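Please read the numbered points alongside the sequence and the model.

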Amino acid sequence: MSGPLGSDALAARLAEVYVELGPLYRKAARIVERGQPAMGMSVGVRAVLDQLRRGGELTVPQMARAQDLSRQFVQRMVHDARDAGFVDLIANPAHRRSSLVRLTTEGRGAIDAVAAREHRLMGRVGGNLTQAQLDATLHVLTSMSAALDEIDRDARP
């Protein structure tokens, strides 16, 4: 097993990873979104519902920070989800002006159905991937994300 890469070699290899991530994400989003029209759910609404399914009641700013999206975009997705009957806005005891977003029974059923469909699709990926390879992939992606967060913080005025 080799040691850590030097900064130039690391930069070149990470650039290759980023080149693959964009198209990979867009392909996955397209496949996911193809199944959503029957549910009346865009990829953005799906992301909000999944975040609530995983994290419980959250505010729009909390969701925006966690997804690295603008609050305005997340707010629009929350409004779309509310209009579809997937979420409710409830009083937030910690902050009067920032409501908590909560899944409704219909929203829970919709995101559970979408997640089950995605699970079936992801099971078809194949490639003879091992647990160790997937662990390494998640480690690399998590490290890249943390490093970019740090670079972003340092670059802010």
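**Notes on selected local features**

1. The side chains of Arg-54 and Asp-50 form a salt bridge with an N to O distance of 2.7 Å; the term denotes a side-chain nitrogen of Lys or Arg within 4 Å of a carboxyl oxygen of Asp or Glu. Both residues belong to helix H2 (residues 43–55), 4 residues apart, about one turn of the helix. Arg-54 counts as exposed because its relative accessibility is 64%, whereas Asp-50, at 8%, counts as buried. Here buried means under 20% relative accessible area, exposed over 50% and partly exposed in between (1.4 Å probe, protein chains only).

2. The model is predicted: local features need pLDDT of at least 70, side-chain atom pairs count only at pLDDT 80 or more, and totals for chains, interfaces and linings use all residues. Residues are numbered from 1 along each chain as its sequence is written, and side-chain values use heavy atoms, with hydrogens and water left out. Helices (H or I, at least four residues) and strands (E, at least two) are DSSP runs numbered from the N terminus.

3. The count of salt bridges comes to 6. In helix H1 (residues 7–35), Glu-16 and Arg-13 lie 3 residues apart, and their side chains meet in a salt bridge at 3.6 Å, N to O. Glu-16 is partly exposed, at 43% relative accessibility.

4. A further salt bridge, at 3.9 Å (N to O), pairs Arg-102 with Asp-88. This pair links distant parts of the chain, with Arg-102 in strand S2 and Asp-88 in strand S1, 14 residues apart. Salt bridges with shared partners also join Arg-46, Asp-50, Arg-53, Arg-54 and Glu-118 into one network.

5. Where does Ser-98 lie? Ser-98 is in the loop between strand S1 (87–90) and strand S2 (100–103). Its relative accessibility is 13%, so Ser-98 counts as buried. Leaving aside neighbours within four places in sequence, Ser-98 is in contact (heavy atoms within 4.5 Å) with Thr-59, Pro-61 and Asn-92.

6. Asp-68 is not a glycine, yet has a positive phi of about 55°; Asp-68 sits in the loop between H3 and H4 and counts as exposed, at 65% relative accessibility. Asn-128, also not a glycine, has a positive phi of about 50°. Asn-128 lies in the loop between helix H5 (105–122) and helix H6 (131–155) and is exposed, at 74% relative accessibility.
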